[in-house]
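Keep the structure open as you read.

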Amino acid sequence: MLAKKTKYGIKALTYLCRRSNDGPIPISVIAEAENISHKFLESILLTLKKGGILTSKKGKNGGYYFLKNPKDIPMAEIIRLLSGPIAMVPCVSLNFYEKCDDCPDEATCGINRLMLEVRDSTLKVLKQKSLYQLTQEINK
């Protein structure tokens, strides 16, 4: 399941994407518009800033805005920043690989093979879909 942090992060990013021509958007505006706790949103946006997707400006006209063009931000990047691995089990993760403690041989493990297919299918969708495309689909 999608973690609440990730869900709210995507909601905030799509809001920022729709308002990208408005300049920096304060956290309070995003929080109110998307019905997200200000404190929780602050933590989420900080993660996205550290991940190089957003940046912020302080002061009277301050707020958050994109460091990268939303057309160049695949959903896979956002999910990984906010949730960690996309793979359902660590032994098939591309970026967070770990050998399973209870598995003697990954090559003959049925779970491993199935989860590789799930990971690859999921990644295909998440890599091909940009934040901008997602926002455009919502606005239809």
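Contact here means heavy atoms within 4.5 Å. With that in hand, Pro 26 touches Gly 62 and Gly 63, if you skip residues up to four places away in sequence. This is a predicted model, where local features need pLDDT of at least 70 and side-chain atom pairs count only at pLDDT 80 or more, while totals for chains, interfaces and linings use all residues. Residues are numbered from 1 along each chain as its sequence is written, and side-chain values use heavy atoms, with hydrogens and water left out.

**The whole chain**

The chain has 6 helices and 2 strands, and from the N terminus on the order is α-α-α-β-β-α-α-α. Those elements are DSSP runs numbered from the N terminus: helices are H or I with at least four residues, strands are E with at least two. Along its principal axes, the C-alpha trace spans about 60 × 30 × 25 Å.

Of the 140 residues in the chain, 38% are buried. The cut-offs are under 20% relative accessible area for buried, over 50% for exposed, and partly exposed in between, with a 1.4 Å probe and protein chains only. The accessible surface comes to about 8600 Å², and carbon and sulfur atoms own 53% of that. Areas come from the Shrake-Rupley method with a 1.4 Å probe, and for residues only the protein chains shown count as cover. Among contacts with a separation of 6 or more, 57% are between residues 24 or more positions apart.

**Where two helices cross**

Take H1 (4-18) and H6 (residues 131-138). Their axes come within 9 Å and cross at roughly 80 degrees, so H1 is roughly perpendicular to H6. Axes are lines fitted to C-alpha atoms, for helices over the stretch in contact, and angles run from 0 to 180 degrees between N-to-C directions; roughly perpendicular covers 65 to 115 degrees. On the H1 side, Ile 10, Leu 13, Thr 14, Cys 17 and Arg 18 meet Leu 131, Tyr 132, Leu 134, Thr 135 and Ile 138 of H6.

**Pairs across the sequence**

| Pair | Apart in sequence | C-alpha to C-alpha |
|---|---|---|
| Pro 26 and Gly 63 | 37 residues | 3.9 Å |
| Lys 71 and Gln 133 | 62 residues | 7.1 Å |
| Ser 43 and Met 115 | 72 residues | 31 Å |

Pro 26 sits in the loop between H1 and H2 (27-34) and is partly exposed, at 33% relative accessible area. Lys 71 is in the loop between strand E2 (63-66) and helix H4 (75-83). Apart from neighbours within four places in sequence, Lys 71 is in contact with Ser 130 and Tyr 132. Ser 43 belongs to helix H3 and counts as partly exposed because its relative accessibility is 36%.

Is Asn 112 buried or exposed? Asn 112 is buried, with a relative accessible area of 6%, and its place is in helix H5 (residues 110-128). Not counting residues up to four places away in sequence, Asn 112 touches Cys 91, Val 92 and Glu 106.

Asn 35 lies in the loop between H2 and H3 (38-50) and is exposed, with a relative accessible area of 68%. Check its backbone too: Asn 35 has a positive phi of about 55 degrees although it is not a glycine.

Conventions:
Angles under 35 degrees count as roughly parallel, over 145 as roughly antiparallel, 65 to 115 as roughly perpendicular and the rest as oblique.
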